[in-house]
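Dear colleague,

I am handing over the structure we spoke about, and below it you will find an account of what was found in it. Please read the account with the structure open beside you.

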Amino acid sequence: MLDKRRLRELSRNLEQNPDNYMNSLRNNLLMYIGQKDITLCDLANKADVSVNTLKTLVYGYSDDCHLSTVVKLARALNVSVDELIGSGTLAPQTCETLQIIRMLPESFTHFVRWATHYHYDMLNSNKVSVKSVELMTPKITEHGNLKVSSNFDVIDISDVNPNVRAKIFMGIKIPNSHYAPSYFENDVVFIANDRDARPGENVVVSISDCMWILEKRMEAVGGQLKVSYYSIRDNRLFAKEEEIQLVVGYIAEVKHLPQE
């Protein structure tokens, strides 16, 4: 099974040389063959193409390739044609998500499909007056940090500005006062990821099984602007962009719930 670092490497590889299709095809064929731990002969047999044809593609003896051959290879590797060619018609985030979904147990892929349809219906149905998203209440570590949990509920977002509401995909309930005065216990922060967070915005990031609320900043480093993330709790540097495993999204809205 691939870890998240390997997934990011795959995504970066798929972003390279989107206009040099044959070069991308060769690189991606080698990448997926290595990922699936199969031989050229195995892939050729599964795709019903000749070994010589596959070797010609992999080792760069040809400047062109039949579309039918690419389709057969993509099906055999269980990837899309775009992922195999690296032509850039799919966003890198979409490619990474597809990679993750393919590795999930079948039972969980059914849940992903249901959740996708549920959100689509909630955002687009004119018949439903109540709009809602999933709300996660994180666990708390012994140091007071937020830990990813399976404690999900549903929260009504009908009263959220419609322009913001359409971008929200989940809420996180703040379970303690560690993020005051920015966020207080029982506040709900609504997360969106329709775009990259802008400098000065707060984001939720995931590192291992913990979540952190950080402020994104742009800083001049060696004459270049670099992204850094600062803790909103003590205003100290938390991490550089390359150290962050996953940016869940930016905080688009906050809802203050009454104390329980």
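Two strands are said to pair if DSSP finds at least two bridges between them. In this model, which is predicted, strand 9 and strand 10 (residues 237-240) meet that condition, since they pair in the antiparallel sense over three bridges. Within that pairing, Tyr229 has Ala239 of strand 10 as its bridge partner. The hairpin formed by strand 9 and strand 10 has five residues between the strands, and in this hairpin Asn235 takes a positive phi near 65°.

On its other pairing, strand 9 (residues 224-231) runs antiparallel to strand 8 (residues 210-221), to which eight bridges join it. Here Ala220 stands opposite Leu225 of strand 9. The hairpin of strand 8 and strand 9 has two residues between the strands, and Gly222 takes a positive phi near 60° there.

To place these elements in the whole, the protein chain has nine helices and 11 strands, and 38% of its 260 residues are buried. Among contacts in the chain with a separation of 6 or more, 54% are between residues 24 or more positions apart.

Turning to the helices, helix 3 (residues 40-47) and helix 5 (residues 67-77) pack at an angle of about 110°, with 8 Å between their axes. Angles of 65 to 115 degrees count as roughly perpendicular, and the two helices are therefore roughly perpendicular to each other. Helix 3 brings Leu43, Lys46 and Ala47 to this contact, while helix 5 brings Lys72, Leu73, Ala76 and Leu77. By type, these residues divide into five nonpolar, two charged and no polar.

Leaving aside residues up to four places away in sequence, Leu84 touches Ser24, Leu25, Asn28, Leu29, Tyr32, Val70, Leu73, Ala74, Leu77 and Val79.

How values were computed:
Residues numbered from 1 in each chain as written. Predicted model: local features only at pLDDT ≥ 70, side-chain atom pairs only at ≥ 80, totals over all residues. Heavy atoms only, no water. Axes fitted to C-alpha atoms, helices over the stretch in contact; angles between N-to-C directions. Helix = DSSP H or I, 4+ residues; strand = E, 2+ residues; numbered from the N terminus. Parallel < 35°, antiparallel > 145°, perpendicular 65-115°, else oblique. Contact = heavy atoms within 4.5 Å. Nonpolar A, V, L, I, M, F, W, Y, C, P; charged D, E, K, R; others polar. Buried < 20%, exposed > 50% of the residue type's maximum accessible area, 1.4 Å probe, protein only.
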